[in-house]
Amino acid sequence: MFTQIEKLGSSFIGRIEELGRFGLFLYSVILGVFSRPFGFRELVKQIAFIGARSMPIILLSGLFTGMVLAIQFYAALVDFGAVDRMGGAVAQSIIQELGPVMTALMVIARVGSATCAEIAIMRSEQQFDALTCMAISPYRYVMAPRLLAAIVSIPLLTAIYNLVGIFGGYVVGVFLKDLSGTAFMQTVIDTISWSDLRMSVVKSFLFAILIIWIAMGKGFFVHLEKGVSGAEAVGRVTTKAVVASAISMLFVDYIASSFLI
Amino acid sequence: MSFDCTEYLQYTVLHLTGEVDLSNSSKVRSCLLEILDQGKSVIVDFSTLTYIDSSGMATLVEGLNIANKNNLSLFIAAANGAPLQVIELTRLNQVFTLVNAVEDIKE
Amino acid sequence: MTQKTAKTNTKSLIEVNQLDSAYGDRQVLNDINLSVNEGEILVIMGGSGSGKSTLLKNMLGLMPPSAGEILFDGLNICDANRSQLSKLRRSMGVAFQGGALLSSMSVGDNIKLPLRQHTDLDENTISIMSRLKLELMNLADYEDLMPSELSGGMLKRAGLARAVIMDPKILFFDEPSAGLDPVTSVELDQLILQLRTAMNMTIIVVTHELESAFTIADRIAVLFDGELVITGTVDEIKACTDSRVINLINRTPRDIQLDADQYLSRLTKGAE
């Protein structure tokens, strides 16, 4: 019986240690953002990777989500005779909730996994040790550009997702359900307020930090994973990073929604 | 590290004294490029040079390349000790014309 | 376990004093005392599990010791501040086992990295310097390739080129010969000797290859199970009477006594 308690205790302590490590890690990365010389080249590369190359899936998922949402809202509102409010409902759902969350999920799938794996492999090949021994801070040179790139790209991707989603709703409303285009857009404008947009921006900003922080952190500490090494360890931390980012993101989404609604 | 230039026949002689390394090789570079820019051939005098690192040698290689392109010459005179070993290690003794003393150059 | 140090009258550049190192509860190094003289080639030898990688990590400041100190020219790296450590590191080069090149840039850019980060040298100078080093390593044609396109041996040499690009005073080399064919290994040994002579580099090599060690070392430090068994010249090592050292030199397999009954029961454990 005592071994069970011991295990529980040490697992709990392990979690706390991990939280501490991650906290210090984020602190070091933020310091790295403000250190000179800053890795501009890497920043641009990362914005291209995180932002520009995520565009296709953002456009596609935004479009389809908006279309599905419109179909759903139409079906729900038609019984209340309130289909003229569909535009606003679709827009508000996307801007407040689906835009930030879906963008975050797409980015986690694409960028979170790739970044975690990349950082984990760098760790396994002693590239961080090499940088440290060359008096180049890995936080400044490798991590900080990625953090900044995420903070710049992900809110922008969210905004694009929002636009495309509303457009998807428009397409369904006007071409499938014979609603008036101008009426649709009018309800959108009437319903959406600055606090909705603020929620979208705040959420996407928080999600950006969360996603890149967890992805890099899990990869950076891959050598501390017990019981595995090499390729298996890289695979394991990547999976953990994706799952942890998704769940933390949804949790933060809930908190943000309660505070900002 | 210090350096100065004197004239010998139609060459400018660049005397290097002390140690040429990362901290000062760019000064040598500016001087060397300026001399070549003026269309003068160069003899680099190693007699009072105690140490030269690869940034210094890279500077001389760049100089040699520019010299060759402009039909000028670049010689290294009186290489000895550690600088000579560096030249041999990097196999630059086959690229540069090495002479024992500045006065050995007659034309 | 007497430690015999060769008599030298040159300056001691690196000193390791009473070093203990542990991973959590597991003690890996015990009371290591070592000094490295300026201009010498010191080889740290030991089998797997002897603690030599841990010793290297401690000396590079990549992990803190649990006790003891490591001095570089009088500076204790364990409590040096960031700028002191940074300055020291810029005069040191480290060649890692797999090369440890950054995978996102070409071989050439990798080698130029320290120069671009720490100096204001002109790009032309940097370019020629990196090519000089690549030529030295026989990697001249590989400048524009990515690390993923290189073989293990080439990666190692590229890592060495990067380690020496700034003509450091101190070079650390982790397992130079591991995974190399005998010819390349000999060439690398010669290169190490030339670097020391031409650049007056102090070189610390961690290896388990005997041939290499005997060829290049001024002194050898032998580690066994986290303890420094002997430090001495090649001749002193060969004359050492400690059985572990003799076994290491003669490459005798460890004699594991066999208990027939236990052996049989191990083989047949869990059988019906």
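**Helices across a chain boundary**

Mentor: The axes of helix H3 (residues 81-89) of chain B and of H6(C) come within 8 Å, crossing at roughly 150 degrees. Axes are lines fitted to C-alpha atoms, for helices over the stretch in contact, and angles run from 0 to 180 degrees between N-to-C directions. Helices (H or I, at least four residues) and strands (E, at least two) are DSSP runs, numbered from the N terminus. This is a predicted model, in which local features need pLDDT of at least 70, side-chain atom pairs count only at pLDDT 80 or more, and totals for chains, interfaces and linings use all residues. Residues are numbered from 1 along each chain as its sequence is written, while chains are lettered from A and ligands numbered from 1 in the order in which they are written.

Trainee: How is H3(B) oriented relative to H6(C)?

Mentor: Angles under 35 degrees count as roughly parallel, over 145 as roughly antiparallel, 65 to 115 as roughly perpendicular and the rest as oblique. The crossing angle therefore makes H3(B) roughly antiparallel to H6(C).

Trainee: Which residues make the contact?

Mentor: Two residues are in contact if their C-beta atoms, placed from the backbone, lie within 7 Å. H3(B) contributes Gln85(B), Val86(B) and Leu89(B), and H6(C) contributes Gln194(C), Thr197(C) and Ala198(C). By class, the residues of this contact of H3(B) with H6(C) are 3 nonpolar, 3 polar and no charged. Here Ala, Val, Leu, Ile, Met, Phe, Trp, Tyr, Cys and Pro count as nonpolar, Asp, Glu, Lys and Arg as charged, and the others, Gly among them, as polar.

Trainee: How many residues do chain C and chain B bring to their contact?

Mentor: Chain C gives 16 residues and chain B gives 16 residues. On the side of chain C that touches chain B, helix H4 (123-136) and helix H6 (182-199) each supply at least two residues. H4(C) gives the most to that side, with 6 residues.
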